[in-house]
Amino acid sequence: MKHDILIVEDEDDIREMIAGILADEGYGVRTAGTSDAALDEVKARVPSLIVLDVWLKGSSMDGIELLDVLKRDHADLPVIVISGHGTVETAVSAIRKGAFDYIVKPFKSEKLLVTVSRALENARLRRENAELKGRTVADDSLIGHSPVISQIRAKLARIAPTNSRVMIYGPSGSGKELVARLIHGHSGRSGGPFIAVNAASMVPERVEQELFGVVSEDGQSIKPGLLEMAHNGTLYLDEVGDMPLETQGKLLRLLLEQKFQRVGGVDHVQVDVRVITSTSRDLEAESRIGNFREDLFHRLNVMPLAVPSLKERREDIPDLVNHFITRLSASTGLPPRSIGPDAMAALQAHGWPGNVRQLRNNVERLLILATGDPADPITLDTLPPEVSVVRTGARQDSNDKIIAMPLRDAREHFERDYLEAQIERFGGNISKTASFVGMERSALHRKLKSLGVTPSKRADGEGQ
């Protein structure tokens, strides 16, 4: 992202000097010589940051007065105040009115660049934290009514208020980060930041900088690390099983001490951070063969929580599809569409190796590619080829095999595949399956027995 910086300075040579320094670093630069010109520039397009002179000779407002107006209209706009007549009183006044920092002329280009970098980084973090805090539980909630989702909701209600570390297990795309956000949102830390990072990206050479932050050689600049950003909140380490062993050792020391020194710094920083991790691997087995530190595993695995794959909660697919249609229609402006019974049955029967993430992507594709009257439902014929086939793999007989069978055998094969697909679709619930296929429950049991089909028992006991 090329940041857009507005320089407000009445002296032409200083204004052009600052513009040149920032342009050489790749920043987009605009300039204004008066307060009125500055307001016009802001009105045309709000910049990423403003460098503002205090004096502004010949203007209708001085810099401090202009700062008041800018902060009134754009409270989150970072402003760096500069002055050739710096006093403690002026600096204090500028900071109190919302300036990010105060620089006295003449200053070195390095000082300006460091301050600009810090101000932009601070603004970015504030935006991200505001976005995360603004999310409500209603926006990020577990969709569905299956027994396994109901059980997770009950566990979340017990786990979230505690300060315990949580390790979330589940396949890729199943919603592990959503569960982590819900834990944070229902905890006493919900007012604090939620910082998410993929553990595999934390290479040993940079883990200290990423986790602990960096202090510049002159001690004037601090780049906060993930732990500092997550102070009084939650740090979520996704796919912690992919973290290099050397990095695992550094994380373990952090969990033990709960304090650290920034890279290049001398002061100890005390943090209060809840750590939540997730993995799609069996870390207990990985720790036994030396691929993951056993001591770290036990530190992180205080409260294990399993998130199911989508095929384990097929009965939630209609709720998920309708939820995604509503959200995507609101965010993209695409007209909402209904899903026909044949298309919904195919969606429920599909294997979904990419889980909820893959389902969402397919719903978005359906909305984009849908043609005809928006009032008409999406049918099986319009589904993507990879999800329109109800049965895949070993259970799907080829045409050549079916055509070689007598009618009775072919019918039996079809009935077996059809009923197995429907049972999977309804999560093993025989009553719902019988209702959908139009059979009495007892008749369906007899049919399944004659076909050699044994439905799996559900957690709530409705499988039989």
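Predicted model: local features only at pLDDT ≥ 70, side-chain atom pairs only at ≥ 80, totals over all residues.
## Nonpolar cores

The largest nonpolar core has 32 residues, and those with the most contacts inside it are Leu211, Leu227, Leu235, Leu237 and Leu300. Among the elements that give two or more residues to this core are strand S7 (194-198), strand S10 (234-238), helix H10 (245-257) and helix H12 (294-300), and the largest share, four residues, comes from H10.

## Helix H2

In helix H2 (residues 35-44), Ser35, Ala38 and Val42 are buried; seen down the helix axis, the buried residues fall within an arc of 55°, so they line one face of H2. These buried residues pack against strand S1 (4-8), strand S2 (28-32), strand S3 (49-53) and helix H3 (63-73), while the face turned away from the buried side carries the exposed residues Asp40, Lys43 and Ala44.

## Aromatic pairs

The model has two aromatic pairs. In one of them, the rings of Phe194 and Tyr236 have their centres 6.0 Å apart and their planes at 25°, so the pair is stacked; because Phe194 lies in strand S7 and Tyr236 in strand S10, the pair ties together parts that are 42 residues apart in sequence. Both Phe194 and Tyr236 are buried.

Phe414 and Tyr418 also form a stacked pair, with 5.8 Å from centre to centre and 20° between the planes. Phe414 is exposed, with a relative accessible area of 53%, whereas Tyr418 is partly exposed, at 32%.

How values were computed. Residues numbered from 1 in each chain as written. Heavy atoms only, no water. Core = buried A, V, L, I, M, F, W, Y, C linked by side-chain atoms within 4.5 Å. Buried < 20%, exposed > 50% of the residue type's maximum accessible area, 1.4 Å probe, protein only. Arc of directions from axis to C-beta. Contact = heavy atoms within 4.5 Å. Phe/Tyr/Trp six-rings, centres within 6.5 Å; stacked < 30°, edge-to-face > 60°.
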